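Let's walk through this one together, starting with the fold and ending at the ligand. Keep the viewer open as you read.

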Amino acid sequence: MAFIKDGKRIVDLRSDTVTQPTPEMREAMFSAEVGDDVFGDDPTVNRLEAMAAERMGKEAALFVASGTMGNLVALLTHCQRGHEVILGDLAHTFINEAGGAAALGGIHPRPLKNQPDGTLLLSDIEVAIRAENVHYPRTRLICLENTHNSCFGTPLSVEYTQAVGELARSRGLKLHIDGARIFNAATALCVDVRELVAPADSIQFCLSKGLGAPVGSVLCGTREFIYEARRNRKIVGGGMRQAGVLAAAGIISLTKMVDRLADDHINARQLMHGIAAIPGLVAEPVHTNIAYFRFAPDVKMSESEFVKQLEQRSVRLLSLGPRRFRAVTHCWVDTNDIEVALGAMREVMHQVA
Ligand SMILES: Cc1ncc(COP(=O)(O)O)c(C=O)c1O
């Protein structure tokens with residue numbers, strides 16, 4: 001599959017969210033059996049939710065519009081106003097979800113330093129858990145992100161997640177996983193995704209990233225948790241009607257798109273190997289489908305000029321802050337596209353050498 005614009009093939013590495021539904025997804029969407037999902041009548045949504053719950057090893061699941069909505073609904077369900085959530089200072093939920101939990105739920109964030117591998121130190125979590133004291137908000141929830149988008153797409157291990165889960169349980173807290181890319185983590189670690197999420201009380205994963213669906217995420221947990229989450233989804237306006245049209249694509253994501261994620265990881269490594277060999281560019285560690293790199297200190301070109309020059313060569317990626325870039329591989333990018341992207345980068349960097 002390839003993006004074609006004005007007859008030209010585009011290599012779009014800005015994010016795995018740029019993926020478009022596959023022909024099989026479009027077909028499934030076209031012929032999806034639907035009903036009013038707020039009444040629980042949509043058989044396709046019901047099927048997706050049952051499949052997702054089974055896949056995650058949880059009792060129940062809820063189809064939501066986005067990863068942001070999945071995380072927000074999870075936080076609103078675990079916490080009351082004035083409760084505190086412990087999460088990473090680089091967590092997507094802390095940085096990139098418009099402060100929804102605070103804005104809508106009155107939930108107080110307690111950001112702890114994310115280690116370069118996306119973890120939070122257990123000792124930091126221990127210290128952050130509040131004692132019962134009239135001055136303090138009440139700690140209620142710990143959130144992890146797996147894979148960790150801002151920390152090189154690193155997968156968090158089963159052992160680490162278990163350790164956080166045990167700590168949470170021992171202190172009467174809940175554990176939520178933002179598993180936007182949990183299948184990338186399971187693929188990279190060669191483990192069943194169930195093992196990765198077993199210690200968590202809730203997990204949301206995205207269908208619309210590496211799994212290629214046009215819209216949607218699924219929140220999973222106990223039956224009781226999902227019953228409450230359904231109310232909170234309604235509160236944030238996420239009760240959709242004939243949503244089976246969307247869920248149909250999500251079913252293809254779960255059945256057809258998971259096993260191919262390993263290819264994205266191979267392509268990301270190929271990209272990084274190539275980048276490491278280009279004078280003026282410095283590759284950062286790559287673990288899954290997210291590749292960060294930066295300009296060497298002596299490069300004079302601006303980030304925006306680099307991005308613009310690549311765009312002129314039909315290659316898209318993101319500038320993410322001072323002298324740093326992100327490229328994400330996905331099902332619309334193949335090995336040949338990686339070579340095209342590397343060729344374009346070589347050409348641009350050659351000009352400034
Ligand atoms: C780790 C992580 N969590 C949550 C989200 C939010 O997903 P959405 O864009 O579907 O709201 C993203 C999106 O990129 C993400 O990377």
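Helices here are DSSP runs of H or I with at least four residues, strands are runs of E with at least two, and both are numbered from the N terminus. One thing to keep in mind throughout: this is a predicted model.

**Overall picture**

By that count, the protein chain has 14 helices and 14 strands. Its C-alpha atoms fill a box of roughly 60 × 50 × 35 Å along the principal axes. How does the radius of gyration of the protein chain fit with a compact globule? For 353 residues, such a globule would come out near 20 Å, and the protein chain has 21 Å, so the two agree.

**Two backbone spots to look at**

Go to the loop between strand 6 (138-145) and helix 7 (158-170), where you'll find Thr-147. The peptide bond that joins Asn-146 and Thr-147 is cis, with omega at about -5°. Then hop over to Ala-98, in the loop between helix 4 (92-95) and helix 5 (100-105). Ala-98 isn't a glycine, yet its phi is positive, near 55°.

**Around the ligand**

Now for the ligand, which sits in the largest pocket. Its surroundings are made up of Ser-66, Gly-67, Thr-68, Asn-71, His-92, Glu-97, Glu-145, Asn-149, Asp-178, Ala-180, Arg-181 and Lys-209. Which helix gives the largest share of that shell? That's helix 3 (residues 67-78), with three residues.

| Residue (side-chain atom) | Ligand atom | Distance |
|---|---|---|
| Thr-68 (polar atom) | oxygen | 2.6 Å |
| Asp-178 (polar atom) | nitrogen | 2.6 Å |
| Lys-209 (N or O atom) | oxygen | 2.9 Å |

So how much of the ligand does the protein cover? On its own the ligand has 390 Å² of accessible area, and the protein covers 84% of that.

Terms used:
Residues are numbered from 1 along each chain as its sequence is written. This is a predicted model: local features need pLDDT of at least 70, side-chain atom pairs count only at pLDDT 80 or more; totals for chains, interfaces and linings use all residues. Side-chain values use heavy atoms; hydrogens and water are left out. A residue is near a molecule or strand if one of its heavy atoms lies within 4 Å of it. A polar contact is a pair of N or O atoms within 3.5 Å; within protein, one must be able to donate a hydrogen and the other to accept it, and residues adjacent in sequence count only if both atoms are side-chain atoms. Accessible areas come from the Shrake-Rupley method with a 1.4 Å probe; for residues, only the protein chains shown count as cover. On a 1 Å grid over the protein atoms alone, a cavity is a set of points where a 1.4 Å probe fits but cannot get out, and a pocket is an open set with protein on both sides within 12 Å along at least five of seven lines; lining residues have an atom within 4 Å of a point. A molecule sits in a cavity or pocket if more than half of its atoms lie within 2 Å of its grid points. The radius of gyration is taken over C-alpha atoms; the globule rule is 2.2 Å times the number of residues to the power 0.38.
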